[in-house]
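Have a look at the structure first, then go through the points.

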Amino acid sequence: MHPDPSRAGDGTRCVHGGHVAAALGAPLHPGPVLSSTFELGVPGDPAPADFYGRADNPTWRALEAAIGALDGGRCVAFASGMAAIGAVLRLGATGGALVVPADGYYLARSLAHAELAPLGVEVREVPTNGDWAAAMDGAGLVLLETPSNPGLDVVDIAAVAALAHAAGALLAVDNTTATPLGQVPLDLGADLTVASDTKALAGHGDVVLGHVTARDPALLARLREARSRGGAVPGPMEAWLAHRGLATLDLRLARQAENARAVAELALAHPAASDVRWPGLAGDPAHAVAAAQMRRWNGVLRFTLASEQAVAAFLKTSNLVGSATSFGGPRSTVDRRERWGDAVDPALLRFSAGCEDTADLVADVRAALDAAAGA
Ligand SMILES: *Cc1c(COP(=O)(O)O)cnc(C)c1O
């Protein structure tokens, strides 16, 4: 590691984060600590760090150390992205209205409307590229999702942080699509970073997990208490798998971004696709703001085909692109978001570029788009 760990490169930080020097003969790659209960000693012994598996766990702490270092704060791991978002929205709801993205992850909105609004919490929705200033009066918490999903719009985090703080509200940013390597919301003024690590962070499509990262010790204490009370705790095996997956995030993200650029450029030039969005494209409407606040790109893009029949032809022709929800995994997939209730065209595809060789993926997607054009 670089003598100043915060100045080491992305690959180094992903590989070494959360690992401590092993004692002589100790495993270099320790496994998950599965025990739900821990030795408490006798009266007079100091309180141990671990006592019960819902309160804390050494495998969580290793993952939290790794993610926290990348996010620039202290991390609290949760059982899923939604468990993390739920903890953040409940925390924010004690301070005033909740302001959530109208075009962000649908269950974040649904949780606010279905569970918090009936308790008297005011819920406001603003599109990612909408007028955030107009929604600030009396806000307790503002949640951004940038880049938004599946629209891939981008909002200036620092500008909204200033608005939120002037109104006395906390700012949380759903950083799932960007990943901690792609964007550091806490450096841009956010109070909380929240993410689904089910996606690119764990990165292999075999784990459901989430986290919140913050700097303020009082917020962190409230989040840890909320996790213990709510019980939405990560399994040690999931935390361990996510930590293992994180080691290659830098490598995976590099290939995924390279593939996303190639697929976006292919789609832009192909008559079967319209409405292509990827913030990394110089001509994308979100490019300037994204380039100013993001550190690097990722594998998530979108385009729209002519019809659901065209989507069927695309999927039947492709040998490499799977039909699945979620994103950020090693294999390329597309998700037709309208099926989940997103207010988008039924033939809009969110494309998650995987780690295939770029030339192979481009040839495969070109054939699939050709078939879509003929459908
Ligand atoms: C998937 C996702 C979530 C929810 O995360 P889970 O791990 O599935 O609970 C939240 N926000 C975004 C942007 C997501 O993509």
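1. One term before we start: a polar contact here is a pair of N or O atoms within 3.5 Å, where, within protein, one must be able to donate a hydrogen and the other to accept it. With that rule, 16 residue pairs are in polar contact across the interface of domain 1 and domain 2, both partners being at pLDDT 80 or more. Keep in mind that this is a predicted model.

2. On the domain 1 side, helices H1 (10-16), H4 (106-116), H6 (179-182) and H8 (236-246) each bring at least two residues to the face that touches domain 2. Sorted by class, that face has 17 nonpolar, 13 polar and six charged residues.

3. Where are the bounds? The domain assignment puts domain 1 at 5-246 and domain 2 at 249-373. Their C-alpha centres are 26 Å apart.

4. As for the extent of the interface, 36 residues of domain 1 contact 28 residues of domain 2. Together the two domains bury about 2,600 Å², with 58% of that on carbon and sulfur atoms.

5. Three salt bridges turn up across the interface. Asp153 also deserves a look: it pairs with Arg277 in a salt bridge, with the closest N and O atoms 3.1 Å apart.

6. Is Asn298 buried or exposed? Its relative accessibility is 6%, so Asn298 counts as buried. It sits in the loop between helix H10 (287-293) and strand S9 (300-304). The Asn298 side chain reaches the backbone oxygen of Thr177 at 3.3 Å. Beyond its sequence neighbours within four places, Asn298 has contacts that include Ala178, Leu253 and Trp278.

Methods. Residues are numbered from 1 along each chain as its sequence is written. This is a predicted model: local features need pLDDT of at least 70, side-chain atom pairs count only at pLDDT 80 or more; totals for chains, interfaces and linings use all residues. Side-chain values use heavy atoms; hydrogens and water are left out. Domain bounds come from an automatic or database domain assignment. Contact means heavy atoms within 4.5 Å. Buried area is the accessible area (1.4 Å probe) that two parts lose on being put together, summed over both. A salt bridge is a side-chain nitrogen of Lys or Arg within 4 Å of a carboxyl oxygen of Asp or Glu. Helices (H or I, at least four residues) and strands (E, at least two) are DSSP runs, numbered from the N terminus. Ala, Val, Leu, Ile, Met, Phe, Trp, Tyr, Cys and Pro count as nonpolar, Asp, Glu, Lys and Arg as charged, and the others, Gly among them, as polar. Buried means under 20% relative accessible area, exposed over 50%, partly exposed in between (1.4 Å probe, protein chains only).
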